[in-house]
Amino acid sequence: MSSETMAHTGASHVLGRKPKSTPDDIILVAWSLFERNGFDSTTMTDVASAVGISRRTLFNYFATKEALLYPAVDEYMEYFGALLMDRPRNEPLFQSLEYCLHHSHDKQIELEDRFNPGPIVHAARLSDGAVRYSRDHWAREMEQAVARRLEGQPGGAALAGFVGALAAQVWTEITKHLKAAGPDGDIGEALADVMASLRKLFA
C-alpha cells in the first residue's frame, strides 16, 4: 500500500470515528433519561449506555448522579471568581460578593438556558440528596474563590471558611424558597430575598 493510500485510509478512519462525548452531551442525554424514566429510576449505567461510554468514563466526568443535575456550577463559579478577583482590593468583602452575585445572574440564566431543565429535573434538584450535593459543592467553590481573593491577607483563610459556611446556609434558604414557589420558582428572586436578609446581618 502506498504512503498516499495509507494517509487517505488513515484520514478516512479518523473522519469516520465516533466523536468523543462532551460533558454537555452527557448532561443532555442524562436529562432526557430523567424526564422519561424518572431520576430515581435512572442509573449511572443507564446514562453511560445511552451515551455510548463506559461507566468508568462517565464517573471521570461526574462523580455522582446528583452531579448530573448541576452541570454548570463549576463554569458559573469560574465566572464568579473572575469577577471577584477584579473587584477593588479595598472594597468590603460583602459588597464585593453582593456585586458579583448580582452581575453573574445573567451568566446563570445563560447556563440554565443551555440545558433547559424540565419539570422532572427541576423536582430532582430539590430532592434531599441533590440539595446536599449542590449545597456542599457551591459552598466549597465559594470558599475557594474567596480564599484566592484574600490570599496573603491576615485572617483570610478563616474569613473564606466563614463565607463558605455562609454560602451553604444561603443555598439552604434558596432551596426553601424554590420548594415553596414550585416549578415556576426563580432562583434570582430567591437569591435577592436571601441577600436582603444578609445585608441586614452585615449592616
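**Reading a pocket and a core**

Tutor: Happy to! This is a predicted model.

Student: What is the volume of the second largest pocket?

Tutor: Its volume is about 270 Å³.

Student: Which lining residues are the closest to its centre?

Tutor: Of the 14 lining residues, Tyr61, Phe62, Pro71, Asp74 and Tyr133 are the closest to the centre of this pocket.

Student: And which elements give two or more residues to the lining?

Tutor: Those are H2, H5 and H9. H9 provides the largest share, three residues. On the domain level, domain 1 (23-65) and domain 2 (70-200) each contribute at least three residues to the lining.

Student: Now the core, please. How many residues does the largest nonpolar core have?

Tutor: A nonpolar core is a set of buried residues joined through side-chain atoms within 4.5 Å. Here the largest one has 48 residues, and Leu68, Phe80 and Trp138 have the most contacts inside it. Helices supplying at least two residues each include H2 (23-37), H5 (73-86) and H9 (128-149). The largest share, eight residues, comes from H10.

Student: Where does this core lie relative to the two domains?

Tutor: Domain 1 (23-65) and domain 2 (70-200) both give residues to the core, so it lies between them.

Student: What is Trp138 in contact with, leaving aside neighbours within four places in sequence?

Tutor: Trp138 contacts Tyr76, Met77, Leu101, Ala167, Val170 and Trp171.

Definitions and conventions
Residues numbered from 1 in each chain as written. Predicted model: local features only at pLDDT ≥ 70, side-chain atom pairs only at ≥ 80, totals over all residues. Heavy atoms only, no water. Buried < 20%, exposed > 50% of the residue type's maximum accessible area, 1.4 Å probe, protein only. Helix = DSSP H or I, 4+ residues; strand = E, 2+ residues; numbered from the N terminus. Domains from an automatic or database assignment. Contact = heavy atoms within 4.5 Å. 1 Å grid on protein atoms, 1.4 Å probe; cavity = no way out; pocket = protein on both sides within 12 Å on 5 of 7 lines; lining within 4 Å. Points joined across faces, edges and corners; volume = space filled by probe spheres on them.
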